[in-house]
Amino acid sequence: MSSVTDFVNLNISNIPDKIIAEYIWIGGSGLDIRSKARTLSGAFDNPQKLPKWNYDGSSTGQAHGNDTEVILYPQAIFKDPFRRGNNILVLCDAYNPTGDPVYTNKRYDAAKVFNHPDVVAQLPWFGLEQEYTLMEKDTKWPLGWPQGGFPRPQGPYYCGVGAEKVVGRGIVDAHYKACLYAGTNIGGVNAEVMPGQWEFQIGPSIGIAAADELWVARYILERVAEIAGVIISFDPKPIAVSLLLENTSSVSFSLTLFSNTFGTLFTYIQQGDWNGAGGHTNYSTKSMREDGGYEAIQKAIEKLGLRHEAHIARYGEGNERRLTGHHETADINTFTWGVAKRGVSARVGRDTAKEGKGYFEDRRPGSNMDPYVVTSMVAETTILWKP
Ligand code: ADP
Ligand code: MN
Ligand code: MN
Ligand code: MN
């Protein structure tokens, strides 16, 4: 008995009637995840039976003034892969003492959509793809990249194997198994196009459960990365290399300008051109999965197109840096769709087109999107909205 790990692994399951519950919630930025632990007596499988709890909202940027208490309402229970045994993770949403949801609580409105009888009847399934980038802790530069420099151009990294192609597989695999252990519906993982970038998928999961599971999977990822001493970036365009040529056309030609332009081009070639990170949202309803579902898919895509701007506005901060029309994205200002195409806003898979039923993919959400917002908007627009 000599290391901290020995005590971390201390078995507490023989202490009668006591478990540790880690309460998890979304902090003031809408993307930061917070958590704190408490001892509970008994065994729990129903979140409604767990006690509410509270925290100091002034310390998370979620409350001002005299009354800064924010109340946590338990909404979903998962097994705790870190403490194991009967210990649990408790996903919560947050409310003011008056009972109103705090502004970062997007679950509240999402639950209204998913509890609507017309939405319930359509049994919406979601498959959420979460792309993210591993960053070196001190430099905040992608893991495995040369210090202050750039790796060789994209190509060999996507689903790559080998030390010069992928970095961080241990973190990715630890996270994968921890998510399975916790009881999420994690569907798979893969290395992405930009080196240091990875993806996992949640689903298909039904209704609001998809977003609950994605938030818990994000929490588990942060915890695994914390152990590994690595930072997770959910930035939709972590490495943007700008080609500053637009401003030059109206300016008269000069030698300085020429050399500047040439210099920019030269740096650009050196720095390369890197993929962004998305939060592709795969979606189907009962009607879409049944025979003849292709018609329902077309109608849904058409409705999404009509509300393109409203959706884009809530699909992630900084997503305009990602949706350029390059790197397997569609331009942010236009809604497009296609079968088996990746440079579109919405993609219908080849199998779905062939079978005339199935699902489609909304490729617009960025990696930092709030899945409560995106999934409920997709359901609201495609099921409830009558244009
Ligand atoms: P991509 O080819 O875009 O990388 P992925 O395999 O990463 O696709 O993700 C596809 C997602 O779609 C998975 O999470 C999968 O569970 C989900 N999915 C499969 N069938 C359906 C369906 N009928 N409705 C909704 N989502 C689905
Ligand atoms: Mn994918
Ligand atoms: Mn991907
Ligand atoms: Mn995808």
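**Entry 1: strand pairing.** I started with strand β6 (residues 125-136), which is joined to β8 by eight bridges, the two running antiparallel. I had to check the terms: strands are DSSP runs of E with at least two residues, numbered from the N terminus, and two strands pair if DSSP finds at least two bridges between them. I picked out W125 and found that its bridge partner in β8 is I206.

**Entry 2: ground rules.** I noted that this is a predicted model, where local features need pLDDT of at least 70 and side-chain atom pairs count only at pLDDT 80 or more, while totals for chains, interfaces and linings use all residues. Residues are numbered from 1 along each chain as its sequence is written, chains are lettered from A and ligands numbered from 1 in the order in which they are written, and side-chain values use heavy atoms, leaving out hydrogens and water.

**Entry 3: the other partner of β8.** I then looked at strand β7 (residues 186-191), which also runs antiparallel to β8, with five bridges. N190 stands opposite E199 in β8. β7 and β8 make a hairpin with five residues between them, and I spotted G196 in the turn with a positive phi of about 90°.

**Entry 4: buried or exposed?** I asked why strand β8 (residues 197-206) is largely enclosed by the rest of the structure. It is because seven of its ten residues are buried. Buried means under 20% relative accessible area (1.4 Å probe, protein chains only).

**Entry 5: the ligand.** Which residues come nearest to ligand 1? Of the 15 around it, they are E199, P204, S284, R347 and E361; "around" here means a heavy atom within 4 Å. β8 gives the largest share of the shell, five residues, and β6, β8 and β10 (281-284) each supply at least two.

I wrote down three distances to ligand 1. A polar side-chain atom of S284 is 2.7 Å from a nitrogen atom of the ligand. A polar side-chain atom of E129 is 3.1 Å from a ligand oxygen atom, and a backbone N or O atom of P204 is 3.2 Å from an oxygen atom of the ligand. Taken alone, ligand 1 exposes 580 Å², and the protein buries 75% of that (Shrake-Rupley method, 1.4 Å probe).

Entry 6: I finished on Q75, which lies in strand β4 (residues 69-79). Its relative accessibility is 19%, so Q75 counts as buried. The side chains of Q75 and D93 are joined by a polar contact of 2.9 Å; such a contact is a pair of N or O atoms within 3.5 Å, and within protein one must be able to donate a hydrogen and the other to accept it, with residues adjacent in sequence counting only if both atoms are side-chain atoms.

Key: Buried means under 20% relative accessible area, exposed over 50%, partly exposed in between (1.4 Å probe, protein chains only). Helices (H or I, at least four residues) and strands (E, at least two) are DSSP runs, numbered from the N terminus.
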